[in-house]
Amino acid sequence: MKLRNLRFLNTDAKKVTRSGWRLLRLPGAATAVLLATVMLVTGCGNESKLASSSSSAITDPAPAPNDDAQGETPSSGSSGTVAAIKNPSKPSKDKPSQQAWADPKSEMVLVNKKFALPDGYVPTDLVYPNVPFTFKEKIEKRKMRKEAASALEKLFAAAKKDKIYLAGVSAYRSEQTQIALFNRYVKRDGEAKAKTYSAVPGHSEHQTGLAIDVSGSNGRCAAEDCFGGTPEAKWLAAHVADYGFVIRYPKGKDSVTGYKYEPWHIRYVGEDIAKTVMSQGITLEEYYEVIPVSGK
Ligand SMILES: [Zn+2]
């Protein structure tokens with residue numbers, strides 16, 4: 001299969017080694033601990049709600065038992081299994097080549113639990129989009145790549161015309177930030193557990209500078225399940241594609257994307273792809289015809 005030739009295709013074993021190595025580099029982060037109650041966080045890495053759980057300590061970094069999404073419809077672990085998508089979208093003649101979506105610098109880049117960005121990847125054209133955020137500080141998570149930032153400004157302006165007032169919650173996240181976040185979760189819950197709800201460093205779409213979590217301007221339900229069904233979420237679903245964004249983790253696609261439904265996480269891919277993906281109700285994985293992260 002062509003996929004195997006991808007330079008940055010990581011096997012689960014490699015991912016573990018890689019994150020394990022990084023863990024060792026950070027002070028105080030190498031110890032996995034036992035905790036009875038954990039915060040259930042989203043793929044975005046935002047803590048969203050409390051959940052009771054008993055997790056076990058990790059003695060040896062083993063391959064992730066479940067490379068799937070957390071949430072309501074977890075599927076059994078079959079990570080690493082290469083299999084074809086059951087219902088791939090109809091291939092179109094002008095579908096981007098694998099080269100395009102494997103290029104970290106391309107707006108088409110595919111980043112998920114199977115495909116990582118290269119070590120130390122930092123976008124070179126990060127800017128501050130001129131839109132409201134749920135916080136005032138001019139910090140990293142306000143940044144996006146230039147083209148995505150410009151598209152976001154147009155998206156927010158269009159929403160405002162429809163009396164939908166949006167705010168950014170979290171956009172760019174550097175590899176270092178993701179490492180710190182992930183290590184925090186590992187320390188609290190153990191690596192295997194952490195991996196079921198937080199992206200392994202290098203695997204977060206936020207590191208591309210092309211993704212952003214969006215909420216209403218009041219910040220209520222920011223990156224939380226209760227955002228689903230709000231007028232803001234409905235508006236986003238109906239209009240993001242016109243500005244080159246997709247709802248990256250649609251409802252019912254957990255086994256394909258590896259994440260539960262996240263109506264707030266939008267990803268810039270350019271207008272053509274966005275319109276196809278959103279109108280067909282599919283995911284980027286299906287559009288590019290790559291294997292679902294669950295391997296099913
Ligand atoms: Zn997100």
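Which residues does Phe245 touch, not counting those up to four places away in sequence? In this predicted model, Phe245 touches Ala151, Leu155, Val240, Ile266, Arg267, Tyr268 and Ala274. Phe245 also belongs to the largest nonpolar core, which has 50 residues, and is listed with Leu152, Val240, Val246, Ile266 and Ala274 as having the most contacts inside it. At least two residues of this core come from each of α3 (146–161), β5, β6, α6 (231–239), β7 (245–249), β8 (262–268), α8 (271–280) and α9 (284–287). The largest share, seven residues, is supplied by α3. Another core, of seven residues, lies apart from this one, and includes Phe182, Val186, Tyr197 and Val200. In soluble globular proteins, nonpolar side chains tend to be buried together.

The strands come next. Four of them form an open sheet in the order β5-β6-β8-β7, with antiparallel pairing. β5 and β7 are the edge strands, each having a single partner, so one side of each has no neighbour in the sheet. From one strand to the next, the twist averages 45°. At one end of the order, β5 and β6 run antiparallel and are joined by four bridges; Ser170 has Asp213 in β6 as its bridge partner.

Helix α6 lies across β5, β6, β7 and β8, and runs at about 35° to β8. Its buried residues include Glu232, Ala233 and Leu236. Viewed down the axis of α6, the buried residues fall within an arc of 100°, so they line one face of the helix. The cover over these buried residues includes β5, β6, β7 and β8.

Val214 shows this arrangement from the side of the sheet. Val214 lies in strand β6 (residues 211–216). Why does Val214 count as buried? Val214 is buried because 29 other C-beta atoms lie within 10 Å, where 20 or more are required. Leaving aside neighbours within four places in sequence, Val214 is in contact with Leu166, Gly168, Val169, Leu236, Trp264 and Ile266. Val214 and Leu236 are 22 residues apart along the chain, and their C-alpha atoms are separated by 9.0 Å.

How values were computed
Residues numbered from 1 in each chain as written. Predicted model: local features only at pLDDT ≥ 70, side-chain atom pairs only at ≥ 80, totals over all residues. Buried ≥ 20, exposed ≤ 12 C-beta atoms within 10 Å, placed from the backbone. Contact = placed C-beta atoms within 7 Å. Pairing = 2+ DSSP bridges. Core = buried A, V, L, I, M, F, W, Y, C linked by C-beta atoms within 7 Å. Arc of directions from axis to C-beta. Axes fitted to C-alpha atoms, helices over the stretch in contact; angles between N-to-C directions.
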